[in-house]
Structures are given as C-alpha cells and as structure tokens.
Amino acid sequence: MTDRSLFAKNPSVLIFLACLGMFTLGVTVFSEAFGSGLISTSFVKTLGKTLCLCLIALAMDLVWGYTGILSLGHFAFFGIGGYMIGMWLMYERTRDIIVTSMAGQEIPPTESEITAAIGNQIFGVVGSSEFPAIWAFSHSLTLQLILVVAVPGLLALVFGWLAFRSRVTGVYLSILTQAMTLALALYLFQNDSGLRGNNGLSGLQNLPGLDEVPQSVVSVWFLWASAAALGLGYVFSAWVVSGKFGSVLRGIRDDEARVRFLGYSVEAYKLFIFTITAVIAGIAGALYYPQAGIINPAEIAPIASIYLAVWVAIGGRGRLYGAVIGAAFVSLVSSWFTGGQVPSIPLGFYTIDWVDWWLVLLGFSFVMVTLFAPRGIGGLFDLWTGHMAPARHGQDLGPDAGSLQEQEADQ
Amino acid sequence: MRVITLALTLLLSLSSFAFAQGSGIQEVLQTHRAAIEKGSRKTIEPAITAIAGSGLPAAQTVLQKWQQKDMWQRKEDGLFFWAEEIARKTYRLHDFDTGEPVGDYAKGDLDQLKPNSGVRAMIGAALVQFQLSDPDPTRRLDALTAIQRDAEESHLAPLSASIEGETNPAIKARKEQLLTLLTIRFGKDTATRVAAIESVSTNISLDTRAALNTLLSSRIVFDPPEEANKGRRIIPGSDDLSIDAAFELMVDAGAMKHVPTPDERKAFLLEHIDDGKVGGVPLAQLDTQEARDRAYAALNPGWNPLVSKADLVQYEQFYEVFDERDRAVTNAAQEALKSIKTRVGLNQTLDLLLDGISLASIFFLAAIGLAITFGVMGVINMAHGEFIMMGAYTGYVVQQIIPNYTVSILVALPLAFLVTFAAGVAMERLVIRHLYNRPLETLLATFGISIALQQIAKNIFGTQARPLTSPAWLDGAWVLNDVVSISYIRIAIFVLALIFLGLFLFIMKRTRLGLETRAVTQNPRMAASMGINPDKVNMLTFGLGSGIAGIAGVAIGLFAKVTSELGSDYIVQSFMTVVVGGVGNIWGTLAGAAMIGFLQKGIEWMNPSNTLAAQTYMIIFIIIFIQFRPRGIIALKGRAAGD
Amino acid sequence: MSTLLEVSGVSVSFDGFKAINNLSFQIGKAEMRAIIGPNGAGKTTFMDIVTGKTRPDEGRVIWGDKSVSLLKMSEAQIARAGVGRKFQRPTVFEDQTVFDNLLLALKKDRGPLPVLFYRRSAEDVDKVHALAEEIGLTDQLDRKSGELSHGQKQWLEIGMLLAQEPQLLLVDEPAAGMTPEEREHTTAILVEAAKTRAVVVVEHDMEFVRRLNCKVTVLHEGSVLAEGSLDHVTSNKDVIDVYLGR
C-alpha cells in the first residue's frame, strides 16, 4: 500500500487534462486566427477568460471545499493580480505611444520629459501627472510579474496571519474576508490611490511592441496561456490534496480541534493554503484582465467573491473538477442569458426578459442547489460511478450530546 | 462717538425741519436744485444730506424714486415730481408731499434725472437709515442682510442711530451684533476697534469669524518696509511658500534677476538651432538635461547651471504682511480668533459626538434585526439588507397611495414590519429551517435569496432612486449655534433606536416568546422536551428580526435614497456591528454600533475630504480590533462560548 | 519513579464560577491513573488545561524531564511535546479511511512543508498495520471511518493516540456507550499502553475503573478530594458524602 504515482491515484487528473487539451485544440482549430473562423475572436476571449475563472474557482475549492475556510475575499487577490500586470501593460503601451509622438520634435526628449508625458497621459483623468510610488516597477515586465504573485501572496499572508492567529473561524472569517475585499475596493475607488480611481486601468488588450499582431491571434495566445495555467493549477491542486497534506486539510475542515490535538499547527496549514490560493488567484487575474481589456475597482467588490463561492457550490465543493465545471457552467450560462440571446417568455400580462430575470433565476437555483444538491453538479458523477458517501455522519453521541451540535461532517 | 453722531443727526434734522415747514420736500429740493440737476458726485452730497435729514415723510420716497431714475423735472417751472409712464411718451406726474397726481405730460415737457452709479450708491447709503427704521420688520432685516453682505464705512452711523428706536428684540440683537462687526472693520480709532474685537472673542458665529479673518487678510512680502504691519516670518520651502514662489517674489522686488526655467531654456535652444547644432552640441545628443545645459551655457556665458534657487532664497526675509495697517488691531484679532478657535473646537467635538450618535443609531437600527437572527439563532442572513430595502420600498409605495406624509409614515412603519415579517417567516420555513447548524450553507443560500430579491426590486421599481419624503415636521434641524446642529430626522432615528432597544429587552426578558427563544437558543432538546415548539419559536424569532429590518428600512429610506442597492450598502456595516459588539448580546450590538459609528465619524473628521478612505481605514481597524477581542466587545466566556 | 506531569495550585473560573480551585496533581512516567468525580467536578476542564485549550488564571503546569511549563505552549505544541488526548465523543475524520486516519496521527514532522512533500514509506505502512492489529481494525483499514460502529471509532481514536507515541495519554470516558465485550477490549488496550507511558483515564463507571486496577484520584468542586486505591477512596467518608449527597 505504498504510494502510487499522482496520476495512478487520481485518474480524473488525466481525464481532465485530456479534455482541456482537446478543448484548447478545438478552439484553436475553429478560431479566426488559426482555423476556420467559426468561433469569433470575442468568443475566444470569453472562453479564455472562463478558463481563468476556472483557475480561481480551483483556488477557491482548495481553500473552501478542502480546508473549510469560506473566503469571500479571493477576488481581491484576482483583482490585484490583474492590476499588477495591468500597470506594466499600460505603462509600456503609453510609453510606446509617447515615444513615437515625441520622435518628431527637433530636440529629442529627455528621459524625465518622457516620464512626465507618460504620467500626464495615464493620470490626467484623476487630475494628476505624478507617478505614485507604487508604479516604481511598472517599467519592468519581470518585476511586475513577480508582483503578480508577491502582492496577493503577501496580502494573504498578513491578513491570514492576523485572522488565523486570533482563531477567527467560520462565518466570522467569511465576514472578515468580505470586509477585506470591501476595504480594498473602496480604497482603489479613490482617485489618489495611485491606480486611477474608478477609471481603473484600460487598454490592456494591446500588447506593447506587438501592435502589428491582430487581436484574433493575441486572443488565441492568451487562451493557450490560460489553458496551460489551468492545467498546471489542476495538477498542482491534485498533488496538494491527494497526499497527507490533503488529509490534514480535510481534517481541518471536518474537525479543527482534533487536528490541533494531533499536534498539527492548524494555523500554519490554513495560512499556507490561504496564501498559496491567493497566489493562484493572482495569476488567474493576471491572465484574465489582458483578455478583458479593462480593470477597475468594481471588479473586486464583495459581490464578485460571493459569485465565486456560488460557482464552486454549484459545481460541487471538495472535488477539483466540480469547481472547474461550476465556474465554466455558471459563467458561460450567465453570459448567454445576459447577452440577450435567450428568448423571452411572454406570459400575456408580462414578458419575462431574461436579461432582467437571469439574476433572479440564478439566485433561486442557487438556493435549490444548496438545499437539494449540496454536492452540486459534481454529485452527478457520483451517481454515475455509483459511489456513495458513508451514511453515518456525526450522530449525536455521548451523555451530554444535547448540548453539542451536529458536526458539519458532510460539508 | 455714538452720542456725537446722534446729536449731529438731530441737529441737522431740526434745522431742516424748521426750514421745510411751509412747503415740504419740494422746498428742500428747490434749495439744492442746481446740484441735483448737475448730478455730479463731487457736489451732490449736501443735497442728499439735506433730503435725508429733512425729517419729512416724503424724504424716503424722493430718494428711492431718484435712485430708480423715476424722478422727473417739469421744464416749465423746474419743480420735481415722480412719474409713471401711462402711454407712449406720456407720463403722469405725482407730487412728492401729497402723493396726488398733478397731471399728464408729454415727454418733451419733462427732464428725467439720471444719477450716475456713484450718485446712486450715495443715495443708497442715505436710504439705509430709512430702511433700518422701516416699520416693516422684514424690510429692516433685508437692510441688515444687505449691509452684512456689502459692508461700508458709511453704514456705521445710521446703523448705530437706528438701534435706539428698535422695538423687536431679535432684530435689535442682530443690529447690535452687526454694529460690533462694522466697528471692528471701520471703527474710528484703535481703541474702539480693539474693544469691539475683544467683545466678540467668545462668539463662535460664522459672521464673527469671517469679520476677524477679513481683518487678518495678508500676503507674503519680500523684505517688507519698516512701517508695514508684519506677522510671522515665512521660511521659503515651507507649505506657505515654495522656493520658486519665493524666488519670483524676489525677482518682482528687483532683488534678483530672472533665472530661466528648463522649459524656457529649451525654447531658447529651439530658437538658436544652427545647422543641426545648438551651441556646438548636435541636436541628436540633446536627450539629456546635462547636454542641454551645456548647449545653453555655451550660448549664455554668464549662466551657471549649478546655481540653486533654494540657496538664493534661503536666508532672505519673507514676512506675511497684513492688509490692515494697525498692529494693535491685528494682534487683538489674532488673540480673539485664537480663543474663538478653542471654543469652535469644543463645539466641533460636541457636533462630532452628535453625528457619531446619529450614525451609531442608524447602524444599531440596521443591525438589531441581524443581532436577533445571527446572535440569538446563529443564523447568518445575507438577505437582511434586502429586508431593509423591502421596508424602504414599502414606505415608498404607501406614500404613492396616501399623499399625507405624516399619515403615510405612520401607516408605513407597521406595514413594513408586516411585509418583512411575512418574508422572513416564509424564508425561514422554506429555506433556513433545512439548514440549521450548517452556518456556511445558510450564508450561501440566503445570499442566493439576496441577489434574487435585489434583482426583483430592480425589475419592479427600476434602477433610479425613489424618493421617500419625510413629513414637514421632520424637516429642518435643531440648531444650537453655527457649529452644532443636528437634523430632526436623525433625532427621530435616535429615538427609534432607543425604542427598539427597549422593545427588544422587553420581548426577551418579559414575554413568553423571549423566554422560549432563550430556552431554544441554549438547549433546543431540553426546550422541546418541556413542551416548547422550537420550530414555532425559531419562525417567530426570525420573523421578528426581519420585521425590525423592515422598520429600519423605512427610517433609513427617509434620509437615504431608496434604491435596490440600499440594503447592500448597510449589510457589511451591520455584520461588523454585530461581530465587533459580540454575538448573542443586545448590549454588545449597541456597543458595536457606537464604536463603529463614532469611529467612522472620527476618521472622517481627521480626513474630511475623503469618506471612502474613512471606510477603508475603519474596516482595517476592525480587522485589527478582532485580533484583540475575537469574540467582540461583550463576549461570552467559558464553555458557553462553545469553542 | 520520576514525575512526568506536575500540576500545582491551578485555578480557573468562568464568569465567577470556579471550575478548578487550587488543584494539584502529579503523575509518573509509566503509570495508570483514573480520575473520578461527580458531574461538574472539573474533570474535563482539568484536561482542557493540560492540553492547552483553557488557560488557567493561576498555577503552574510543569512537564517532562526538562521541567518546561505547558502554559505558554499552543495545543499543537503540547501535543507534539507528547500529550495525547481522547475526547468524550469519538472524534475521527469520518470522510477519510481508517488507514489515512492512522497515518495522519503517526509521529512524524508536523510542519506544512514536510507534510506536503511526504511520501509514505514501507516502514510507516508497517507501523499503521501494527497499530491496526493492536486495536483490532486490520480488516477495516480501507473503509471510511464514518462507516465504523461507535466502539470501533473509539478504538480508532485510541489507535490514533498511540500512533502519536505520546508520553502521556489523557482519555475521557473511553467506555461510554460500549458493549461489555468492547469494554474488555478497551481495558486491555489501555492497560497495555500504560506499561510504557502514563495514562490518565476519566471515567464515571466504577466497574470499568475497578478493572483498570490503578490509583484513583477523586475530584470534587475543582480540587482533589481523595487519592489512593479504589477501595481506599470508596471507603473515604467525604467521597461517600459527595457521591450519595448529604
């Protein structure tokens, strides 16, 4: 009974990778840039963005489905990742434009004149022209890429250390993470936050120095990158949860105190998984926003993180493919409904226009899933494989069981 | 001085009264006929003084008509009348003394008197004394406001004279206050002015502060002359005076020669391009500041790039110089302003406390329902904010049906309770009942309901804000002074919060429902075995919590805009209130609301321009606060805390 | 026999109620001890203090040869120092197999990184099998522990405790809800364990305590009322008063 390889233990990883590969190949073949053009460039972008959302859903599943921390703040890390890469994209692109436009002057511009012009161009909308200190590294892709993982990781580390150290758990932690996102969003909404207030960063779809490459090609590149990131993230997550580490995580989810009395430092594990998933979320964001083209503080409002929880819950927590399916399914169906492509239902006295009623439908179907299908879409796979969970979850036992509440063992 | 003015006025009016006894104002006018006809600013003054001082009832009419260019002179005999146009080029003349019409004349037979703006201003000043003693109090007040807006030295005497006869105490007080302010600015001598300034040093009104600040208006001067009224010395490079501005002051004073800025030097270089080179430096190399400096220095041998403006201005004398010449007056004004500032600070603290209390009441109202469902039942209701919204929309709908605002509010409060009570009971029965003891799933399910309710509200009422108008008796504010005031709505909300605190305590401690709720909270099985139906108790408790949210919604809707997002604006703060206060204790909720309310106001006070930042810092503070009191301000201890 | 754990002068109160009142207690390195006492005597709170779950208001808790204080250590550190605890309710990880439960408890480096890169060795697997043998769950290794019977869960939890290789075992009511046969098995496991380490058993059931055949400490109102053999304490007048009520 010694260890087998990761893939032998988890055949679903191979199946997932195969599906992901086929999907990517299929989109490439039908894309405008490399194939028949059946799939429009904007839809390729939507698919690429969906892959990024699947990646952050994976992170959410690790932290919530496996460790039991219902974080309502992971979109903050996603947004920070986007902002970090966005700073470089915006700086470099503006620099290209400025240098080109200044090239015609009789006296060539100095470095400081170029910097001043870029600052004026970028921060003119918020009535400033000075570069804030946080843009110090924006000239370097390498440094900003490091920040993509470092800033979310560091924020998660500090926040998690504070929260877990004082043993904030359960709904308290959820509300605290939500407060964190809200604080960050409100901060970024200010004009003097240094990130252009509610204008956000824009024009991110243009890659600096690659102006001659059409968007149709760029979109496929990003799809590949997103698919690669999702694949790597999936393998990494599967590796983390399949071994003894995963066993400890699920132990923390089911009975935190017991894990502690076994001698494991629960706080260290929580902090570790919280930080790692924040980094994954940051990477997902860094891939998402160049495809979206614009990022602003509204993206990291608390509601976004709650939607993340909705995706994972609908897909099925505690299983990696569930999170991916949930994110892909809900976000694609959502864009289908809100895109106005679903026919309205005339009731005679009232016409249900799905653009308006989609959220109502989502809200109620979410309640239904929570009530009747707590294992989500992933639960369907259990029916198919005939796998059933043990039936003896947390009965009340012992002499004073009346005061003890049933453990959330089937969470 | 007032006495002298009075005596003078009296003397003047007596003499002219004797003179004009026989033929009224026309006589006075005829005496000064030449000056009036000429209408020159230099010579008109005796005429105006004579009319104003005549003491005749018609004097005011004359001045008004004259100022409005309605005074005409009959060519045939040179008499003055006021006229109105009754037909084209035809005017009806009225006698000033009797007011009776004297006949209709063609325009050609008349001369209109057209005083220029300088003369009109003088007439206006003369009119002030009439307005100040006008029998109509409104006109007296208007005159005071006019003087206050545009004070002149000439107002001082008439104002002072009018105080004696003033019968209305409120207007008299205002007149006296205004007289002090005028004395501060235009008083005859230093002693009078200083005395006036000292007399207002405890007065925190905006007018006083504005008057004192006007006295202290100053500008920064390089090396001011000996006789100037100097204030502080200003160090260049501080917040008050930048290095560049200091240098410019010296250049203006002729003490320095202008030093070209980099942009000016660049423009100079552009003008002196010679065969692809400037000053011997090829154009292509001019992409650094050093290269440009070299080129500029080559063309301007006297220019030294190393000269620093900061060094040049550093030890020079810059002072703030008051526009007011009299040092004793500015010193007194500074002293008075200092003592006023202390008082204003105290009053601002009081105002801040009132603001904090009112914000705390709002948070308390929004959170109390949540405290019941979360604290007592352990149920997280993310749709709580939407219940608040439902309450507000209920108020709006009621106002559409009942136009009387007072009645509609009285109807809306219980109705909002009923609507949200029903919604809460329905939600408990259909959803939450199945999820007891699974708090995270409850959170998610109620969130699902929250987004659905929000979207439904959007579909029904649209995205634009709906008004929920408060009755007239709630309009306005309780004004203590120019610094401290609080609107009646906020007082009403404070009272409402108190009522709910009392109501909650009553229900929990004195009623059967409260007893049963506490029993079910502590030990559901034991309670069930004693014949309490936990299902019913949970349902009613949840309904109660939701119902209070509805009432809070009506209250919040009165001062906030009613939109579908109303609830989500308050939900995070409400949760913070409950969490910070400590779960399961109404006093904890109160403490939490107070802390968050005062904290937010305090942070806003420190950084008034930015309420967004205030919220950010508040949330960060709460996150740190939770470190030290993870279970809130008022925490359950021991085994009951249920680790 | 040297002292493994020394508790002296410990008091703790919850909202004015003194749960533990100036309690002193000692146990040696390879000793079995039973703690009995009526409800509310402070038995569970005593365990909470030793394992670091509750901080006492005053007093000292000294541990091991190096005489370190347990009061400044976290629960996890105390557990790693060699104190194992079994709860009143069987708490095992029901979603995981018996094998995984035991593997989780094996004495190994507990840091996140070593655990992340952990690969199970043949030696560890053998240890798990040996433990399963000892607690009689060899046939159940691949089952999810949630599917076990109540008694089996209790044994699994004791097995997990043994896997930790603690120097001190704190066992809270191990026989609650067991059939007579299961009790016998439990007794055997505990007696075996006490040969190499200290075992403290909190129990209501006098018959079970008698079978353990060890020194008994009687707690009452948060302090020690009597100590000695079971026969000795049951003949003590105070103890009789407390149990029968005055």
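This report covers aromatic ring contacts in a predicted model.

## Basis

The model is predicted: local features need pLDDT of at least 70, side-chain atom pairs count only at pLDDT 80 or more, and totals for chains, interfaces and linings use all residues. Residues are numbered from 1 along each chain as its sequence is written, chains are lettered from A and ligands numbered from 1 in the order written, and side-chain values use heavy atoms, without hydrogens and water.

## A stacked pair in chain B

The whole structure holds 31 aromatic pairs over all chains (ring centres of Phe, Tyr or the six-membered ring of Trp within 6.5 Å; planes under 30 degrees apart are stacked, over 60 edge-to-face, the rest tilted). One of them, B:Tyr393 with B:Phe461, is stacked, at 4.0 Å centre to centre and 10° between the planes. B:Tyr393 lies in helix H17 (residues 384–401) and B:Phe461 in helix H19 (residues 439–461), 68 residues apart (helices are DSSP runs of H or I, at least four residues; strands are E runs, at least two).

B:Tyr393 is buried at 4% relative accessibility (buried is under 20% relative accessible area, exposed over 50%, partly exposed in between; 1.4 Å probe, protein chains only). B:Phe461 is buried too, at 17%.

## An edge-to-face pair in chain C

C:Phe25 and C:Phe46 have ring centres 5.0 Å apart and planes at 65°, so they pair edge-to-face. C:Phe25 is in strand E2 (residues 17–28) and C:Phe46 in helix H1 (residues 43–51), so the pair ties together parts 21 residues apart in sequence. C:Phe25 is buried at 4%. C:Phe46 is buried at 3%.

## Cluster and charges

In chain A, one aromatic cluster is formed by A:Phe75, A:Phe78, A:Tyr288, A:Tyr289 and A:Trp311.

The charged end of C:Arg110 sits over the ring of A:Tyr264, 4.5 Å from its centre (NZ of Lys or CZ of Arg within 6 Å of the ring centre and within 35 degrees of the ring normal). B:Arg490 has its charged end over the ring of B:Phe559, 5.4 Å from the centre.
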